[in-house]
Amino acid sequence: MLRIAIPNKGTLSAPASQMLRDAGYRQRTDPKDLLCRDEANNVEFFYLRPKDIATYVGSGDLDLGITGRDLLVDSGVPASELLDLNFGKATFRWAAPAGALTSTAEIGGRRIATAYPGVVGRYLAENEVKADVVRLDGAVENAVRLGVADLIADVVETGATLRQAGLVTIGDPIMQSSAILIGREEQVPAGAAQLLRRLQGVLVARNFVMLAYDVRADLLDQATGLTPGIESPTVSPLHREGWVAVQAMVQRGEVHRIMDELYELGARAILVTDIANCRL
Ligand SMILES: Nc1ncnc2c1ncn2[C@@H]1O[C@H](COP(=O)(O)OP(=O)(O)OP(=O)(O)O)[C@@H](O)[C@H]1O
Ligand SMILES: O=P(O)(O)OC[C@H]1O[C@H](OP(=O)(O)OP(=O)(O)O)[C@H](O)[C@@H]1O
Ligand SMILES: [Mg+2]
């Protein structure tokens with residue numbers, strides 16, 4: 001049975017479970033449950049703290065896990081990113097009181113509060129900077145006004161928490177994070193291929209829509225130039241002489257622009273439908 005680690009609470013927990021449900025897996029119904037067996041798919045889900053997930057996967061005690069890229073890097077364990085799951089997006093950044101520090105060149109010799117000492121340590125080592133890392137568990141934005149540190153390094157999504165604490169970001173993000181599927185590359189178990197394909201199917205279904213339209217045959221090249229599809233668009237004859245029907249997958253974020261351009265070209269009966277799931 002494939003054994004998979006899933007965040008039991010926090011930002012990544014609900015969207016991770018939802019993605020697995022969308023991929024056809026059983027998930028816990030009580031948010032306090034720590035284990036859920038999906039006999040039909042031969043998978044067992046273990047609900048764990050997001051920070052601990054890389055540890056279980058890196059040691060080989062669990063086969064795969066869903067966690068944040070920043071948490072994987074922070075753990076320093078030998079597990080690899082197998083798939084970007086495209087949710088839980090955040091940046092990991094430096095921040096300090098407005099006017100206190102102007103660039104990352106001034107970090108040396110300062111006290112840095114963070115709940116991610118692994119990520120900060122890697123940056124300091126790579127950039128040959130010496131500084132004191134003050135390891136905290138969370139609510140790190142309070143550390144500067146309480147006098148424990150000069151700056152912080154933390155997860156920033158909307159920036160609202162920083163603003164409330166009177167902090168501003170400094171320099172470029174240390175890293176971009178999102179939820180990822182992790183495993184040990186040298187030891188990916190047999191059942192993992194099916195899970196990967198299913199999750200990729202969910203990602204495509206979320207990112208693409210199906211577009212169908214009718215267009216005059218002499219405009220087909222121009223129309224399919226706008227909707228090339230993934231492999232190639234489906235073109236079928238219409239009963240009406242000189243017209244064809246076209247079907248192609250397009251990026252969800254592009255669909256309104258493409259529909260406008262198709263209409264201007266002369267296409268009609270332009271219909272968009274959601275894709276529930278797919279295998280490409
Ligand atoms: N707005 C956000 N706040 C916090 N983490 C976020 C946010 N958006 C995405 N993430 C990601 O979620 C993960 C952290 O999750 P979470 O904060 O639930 O864990 P934790 O800090 O270990 O747990 P807790 O906050 O319950 O102590 C990281 O990978 C982080 O990049
Ligand atoms: O940019 P924002 O949208 O404000 O989000 C970022 C904030 O959210 C997270 O805190 P979380 O709720 O996980 O609490 P924690 O600090 O205890 O981990 C993170 O540590 C930041 O504090
Ligand atoms: Mg947190």
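By class, 5 nonpolar, 4 polar and 3 charged residues make up the shell around ligand 2. The model is a predicted one.

The members of this shell can be named. G138, A139, V140 and E141 are among them. D154, V155, V156 and E157 also belong to the residues around ligand 2. T158, G159, A160 and T161 complete the list.

Which elements each supply at least two residues of the shell? They are strand β9 (151-156) and helix α6 (160-164). The biggest share comes from β9, which gives 3 residues to the shell around ligand 2.

Next, the domains. The assignment for the protein chain gives domain 1 as 2-87 + 178-189, domain 2 as 90-176 and domain 3 as 208-274. Between the centres of domain 2 and domain 3 there are 49 Å, taken over C-alpha atoms.

Now the sheet. It is open and has 4 strands, in the order β13-β14-β12-β15. The pairing is antiparallel. The edges are β13 (234-237) and β15 (268-274), each of which pairs on one side only. On average, neighbouring strands are turned by 20° against each other, direction ignored. In general, the strands of a sheet pair through backbone hydrogen bonds, either parallel or antiparallel.

Strand β14 has two partners listed here:

| Strand paired with β14 | Residues of that strand | Bridges | Sense |
|---|---|---|---|
| β12 | 208-216 | 9 bridges | antiparallel |
| β13 | 234-237 | 4 bridges | antiparallel |

β14 itself covers residues 243-251. Which residue of β14 stands opposite L211? A248 does. P237 faces V244 of β14 as its opposite residue.

β13 and β14 form a hairpin with 5 residues between the strands. There, G242 takes a positive phi near 85°. As a general point, side chains in a regular strand alternate between the two faces of the sheet.

To recap the two regions: the shell around ligand 2 draws at least two residues each from β9 and α6. In the sheet, β14 is joined to β13 by 4 bridges and to β12 by 9 bridges.

Methods:
Residues are numbered from 1 along each chain as its sequence is written. Chains are lettered from A and ligands numbered from 1 in the order in which they are written. This is a predicted model: local features need pLDDT of at least 70, side-chain atom pairs count only at pLDDT 80 or more; totals for chains, interfaces and linings use all residues. Two strands pair if DSSP finds at least two bridges between them. Axes are lines fitted to C-alpha atoms, for helices over the stretch in contact, and angles run from 0 to 180 degrees between N-to-C directions. Domain bounds come from an automatic or database domain assignment. A residue is near a molecule or strand if its C-beta atom, placed from the backbone, lies within 6 Å of it. Ala, Val, Leu, Ile, Met, Phe, Trp, Tyr, Cys and Pro count as nonpolar, Asp, Glu, Lys and Arg as charged, and the others, Gly among them, as polar.
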